[in-house]
Amino acid sequence: MVANMDLNEFHWLLAIVQSIDVGVVVLDREYRVEVWNSFMENHSGRTARDASERSFFELFPEVEESWFRRKVESVATLGTPAFTIWEQRPYLVRFKNYQPITGLEDFMYQNTTILPLQATNSKIEHLCLIIYDVTSVAVNKRQLQSMSDQFKHLSRTDRLTGLNNRGYWEEELKREYARHRRYGSSASLVIFDIDHFKKVNDTYGHQAGDTVIQSLAKIVSEQIRDTDIAGRYGGEEFVVLLPDVDAAGGRVFAERLRGVVERLQISHEGQVIPFTVSLGVADLSEPCHDHQQLIERADQALYGSKRNGRNQVTVYGA
């Protein structure tokens with residue numbers, strides 16, 4: 001078909017290559033540019049004359065040369081196309097993004113195809129790069145993913161404290177209990193609440209009560225490890241799940257938290273509001289029927305702390 005192509009048809013083919021809205025670059029086996037269409041001119045700022053016979057790596061120093069050479073040599077050896085997509089590598093060559101809708105992105109996201117070009121002697125002496133601008137697709141997908149992540153976060157978060165809500169932390173407790181049943185791992189659950197919280201509300205008002213709850217949540221977030229799960233049980237009651245921590249470690253954590261809270265003084269509308277917490281600790285060292293039984297044991301320990309005068313830590317079974 002190419003052999004029978006007349007001059008007019010060749011002219012049409014060149015016109016198509018120049019007008020299509022994708023980048024077209026033809027390289028020889030030394031990575032020198034032989035074809036450079038108008039898309040490449042417009043986005044690189046270099047004319048075809050400027051780019052002709054120049055090294056691709058000289059024109060685009062941001063290209064990872066060793067990776068690109070491996071990719072191209074594979075295409076030349078196997079005689080089959082290769083592809084890269086923006087999710088694996090955001091771009092092959094760094095072009096500025098000029099699309100008004102996706103103007104928040106500094107660069108153009110790209111998908112790239114590398115095609116082997118067979119000469120009349122059946123040898124692959126040239127390769128064609130086709131560069132597709134997929135910025136709109138990439139940005140839309142990233143925005144959808146971001147929205148999905150935000151919805152997931154909101155669905156598991158207590159609005160007042162920013163800690164995990166009961167639905168989420170209880171699911172995590174179920175998973176930790178299942179891990180214990182399968183592997184014999186340890187875990188502690190700490191349940192605690194604010195002492196005489198009704199008195200705080202009655203004395204300083206409900207907004208002050210919310211401030212105290214939020215301040216406690218902030219302290220808890222600062223005290224836990226990345227692997228711990230902190231959540232709100234309800235009202236002024238909180239939980240912390242400590243994976244791979246036994247009752248002794250749970251007591252150490254709870255006592256440290258108690259001491260930090262005791263020393264804290266919250267200011268609200270010019271008034272200082274001191275408060276304390278009572279804590280109960282239970283772990284999985286004693287057999288449990290299910291995760292709910294661990295909650296009940298930690299609750300029992302908490303009420304032991306309250307019966308004995310508050311502002312203290314009680315470990316179930318100790």
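**Close-up views of a predicted model**

View 1. Strands here are DSSP runs of E with at least two residues, helices are DSSP runs of H or I with at least four, and both are numbered from the N terminus. Two strands count as paired if DSSP finds at least two bridges between them. β1 and strand β2 (residues 33-36) run antiparallel and are joined by three bridges. They form a hairpin with four residues between them, and Tyr31 in the turn has a positive phi of about 65°. This is a predicted model, in which local features need pLDDT of at least 70 and side-chain atom pairs count only at pLDDT 80 or more, while totals for chains, interfaces and linings use all residues. Residues are numbered from 1 along each chain as its sequence is written, and side-chain values use heavy atoms, with hydrogens and water left out.

**View 2. Strand β1 (residues 23-28) is mostly covered.** Six of its six residues are buried (buried means under 20% relative accessible area, exposed over 50%, and partly exposed in between, with a 1.4 Å probe and protein chains only). In a regular strand, side chains alternate between the two faces of the sheet. Gly23, Val25 and Leu27 point one way from β1, whereas Val24, Val26 and Asp28 point the other way. β1 also pairs with strand β5 (residues 124-133) in the antiparallel sense, over six bridges. In that pairing, Gly23 stands opposite Ile131.

**View 3. Five strands form an open sheet.** Their order is β2-β1-β5-β4-β3, with antiparallel pairing. β2 and β3 (82-84) are the edge strands, each pairing on one side only. On average, neighbouring strands of this sheet are turned by 20° against each other, direction ignored. Axes are lines fitted to C-alpha atoms, for helices over the stretch in contact, and angles between N-to-C directions run from 0 to 180 degrees. At the β3 end of the order, three bridges join β3 to strand β4 (residues 110-118), and these two run antiparallel. Ile114 in β4 is the bridge partner of Ala82.

**View 4. Glu34 lies in strand β2.** Glu34 has a relative accessible area of 40%, so it is partly exposed. Leaving aside neighbours within four places in sequence, Glu34 is in contact with Val26, Asp28, Glu53 and His126 (contact means heavy atoms within 4.5 Å). Glu34 and Ile20 are 14 residues apart in sequence and 18 Å apart in space, C-alpha to C-alpha.

**View 5. Helix α8 (residues 197-204) packs with helix α9 (residues 206-223).** The angle is about 135° and the axes are 6 Å apart. That makes α8 oblique to α9, because angles under 35 degrees count as roughly parallel, over 145 as roughly antiparallel, 65 to 115 as roughly perpendicular and the rest as oblique. Phe197, Val200, Asn201 and Tyr204 of α8 meet His206, Ala208, Gly209, Val212 and Ile213 of α9. By class, this contact has six nonpolar, three polar and no charged residues. Ala, Val, Leu, Ile, Met, Phe, Trp, Tyr, Cys and Pro count as nonpolar, Asp, Glu, Lys and Arg as charged, and the others, Gly among them, as polar.

**View 6. Asp244 and Asn311 have positive phi values.** Most residues other than glycine have a negative phi. Phi of Asp244 is near 60°, and Asp244 sits in the loop between β8 (237-243) and α10 (247-263). Phi of Asn311 is near 50°, and Asn311 sits in the loop between α11 (291-307) and β12 (313-315).
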